[in-house]
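Please read them with the coordinates open beside you.

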Amino acid sequence: MSLRLLLLSSLLLAACQHVAPYEREYLARPSMDTAMREASNRTFESHVHEAREGSGGGGETSGGGCGCN
Amino acid sequence: MLRVAKNATFVGCCLLALLAYCICARTVRADEASGTWTGSVFSDLNYYYERSTRVFLPTGGVKLEAPNGTRLHADYLLDVITSASVAAGRTADQLNDEFRHQPQVGIGKGFDIGDTRLDLDATGRYSTESDYESASATLDASLALFEKNTILHFSGSRLVDHSQSNSDPTFSGTIKAWAGSLSLEQVLNPTMVLTVGYQFGHQRGYLGNPYRFAQRQAAPEREHPPTLRLRHGLSSKWTSYVPSLRLAVHALARVYIDNWGVRGLNPELRVYKEFGELLLLRLRYRYYQQTEADFYRTSYPRDWEGAITSDPKLAHFRSHTVGFRVELNTKFLESTFLDFAANGMVYLQLDRVFTGIPRYGDQINGTGGGLLRF
């Protein structure tokens, strides 16, 4: 399984091309670059996942709140 | 409580040190000559509904960027629990009877080193409610290489929590946790980006809920799960833009494993459709499943030794989430009397979670809010 993932990742990375700043028109579209605009909602969603799912959290911490532990 | 306060002081000291460094550090930026400050303000109202719990969660925040590139951000979150969870021992609805306050402040700055850009950000957070206190510090660092074609991101957090029980003054619990994540974002071509990441969590202390009791031979006993939890997650995100349809597809996946025996799998598909330059619609489907913790039982025998819990989220279950989000760019307000709000957006999001946990039932999550840039 991990070997397949490694192989797939290598193929994807080998297939990537260098994109110059003037070629980033599509990458900068609001539908592609959503991280900043959805940041506040992601905090809420992470908190809900951490409160109701056993595998919530992990790479981040959020203390307190209903059902937090 | 004293430990949490000390931790909060430590967080404050770290932030002040970073602030001093950012103010003193020199980088050349376009806005430095004009002395212009830029930034944004946002305000959200989040709503969570399930059979046993309803939560209103208003949030507001501000981000500022100084002419020398130093970023300051602060936000405040109020958690208003309208009907406390059955898991917390309530037998009937009690309106607005629990409040949680969570202020958060942070500071960051970007540094150009040749073609590479290093971005540092430090955040401190404090959360307080009648029976729970939490303080955390997070350091984020990202390194953009090859004209932003490759971005490495690191995040590390330290958290100290202290819990009490309003129904049992003798109870006192502490959690000390470390968490970290590493990710690699790679532009594949002018319409495609791939991100892979690893998350790690280390929690030690009382990791249960003091209000939750497990059944041992039909007699209630306060749950006491293991005091150490090591968590690992692997995530990936593939985004692709289809210019002819003005549509973007985001495919996300996460696998999770921990030393309690919980294994999680979580694929998600999001489709974003642009309507003109003003309207963006997002549709999503999320699947979640997990195995139960090794020590989870609905009822424990009298001679059971070791950890016990009645936490439904440590049982085997799966859930399905469907939802939408609509974003409206406020550019259309230009040249009207609301011209000051033309550089922003308003949004509405609604998700329905069909969950397999009978105690909680299905969930509805909603968010409405707005963001204004200046």
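This is a predicted model: local features need pLDDT of at least 70, side-chain atom pairs count only at pLDDT 80 or more; totals for chains, interfaces and linings use all residues.

1. On confidence, the model as a whole carries an ipTM of 0.83 and a pTM of 0.86. The mean pLDDT of chain B is 88, and 87% of its residues reach at least 70. A stretch to treat with care is residues 25-30 of chain B, where pLDDT stays under 50, although the model has 14 contacts for this stretch beyond four places in sequence.

2. The secondary structure of chain B consists of two helices and 18 strands, whereas chain A has two helices and zero strands. Of the 374 residues in chain B, 47% are counted as buried, while in chain A, which has 69 residues, the buried share is 51%. When contacts in chain B between residues at least 6 apart in sequence are considered, 56% of them join residues at least 24 apart.

3. Chain B contributes 88 residues to the contact and chain A contributes 48 residues. Between the two chains about 5,200 Å² is buried, and carbon and sulfur atoms give 53% of this area. Leu188(B), Pro190(B) and Lys313(B) together supply 12% of the area that chain B buries against chain A, which is more than any other three residues supply.

4. As to charged pairs, 10 salt bridges are found across the interface of chain B and chain A. A salt bridge also joins the side chains of Glu45(A) and Arg284(B), with an N to O distance of 3.1 Å.

5. On the surface of chain B, a nonpolar patch is formed by Phe154(B), Leu182(B), Tyr198(B), Leu234(B), Val255(B) and Leu265(B), whose accessible area comes to about 510 Å² together. Of these residues, Leu182(B) can be located in strand S8, which covers residues 168-189 of chain B.

6. The loop between strand S6 (132-145) and strand S7 (150-165) of chain B holds Phe146(B), and Glu147(B) is found in the loop between S6 and S7 as well. Phe146(B) has a positive phi of about 50 degrees although it is not a glycine, and Glu147(B), also not a glycine, has a positive phi of about 55 degrees. Is the side of the cut-off on which Phe146(B) falls exposed or buried? Phe146(B) counts as exposed because its relative accessible area of 53% is over 50%. Glu147(B), by contrast, counts as partly exposed, because its relative accessibility of 38% lies between the limits of 20% and 50%.

7. A further loop to inspect lies between strand S16 (317-329) and strand S17 (344-355) of chain B, and Phe332(B) is found there. Phe332(B) has a relative accessible area of 45% and is therefore partly exposed, since a value over 50% would be needed for it to count as exposed. The C-alpha atoms of Phe332(B) and Asn343(B) are 9.3 Å apart in space, and the two residues are 11 apart in sequence.

Technical notes: Residues are numbered from 1 along each chain as its sequence is written. Chains are lettered from A and ligands numbered from 1 in the order in which they are written. Side-chain values use heavy atoms; hydrogens and water are left out. Patches are made of residues with over 30% relative accessible area and no salt bridge: like charges are joined within 9 Å, nonpolar side chains (Val, Leu, Ile, Met, Phe, Trp, Tyr) within 5 Å. Accessible areas come from the Shrake-Rupley method with a 1.4 Å probe; for residues, only the protein chains shown count as cover. A salt bridge is a side-chain nitrogen of Lys or Arg within 4 Å of a carboxyl oxygen of Asp or Glu. Helices (H or I, at least four residues) and strands (E, at least two) are DSSP runs, numbered from the N terminus. Buried means under 20% relative accessible area, exposed over 50%, partly exposed in between (1.4 Å probe, protein chains only). pLDDT is the predictor's confidence in each residue, from 0 to 100. Contact means heavy atoms within 4.5 Å. Buried area is the accessible area (1.4 Å probe) that two parts lose on being put together, summed over both.
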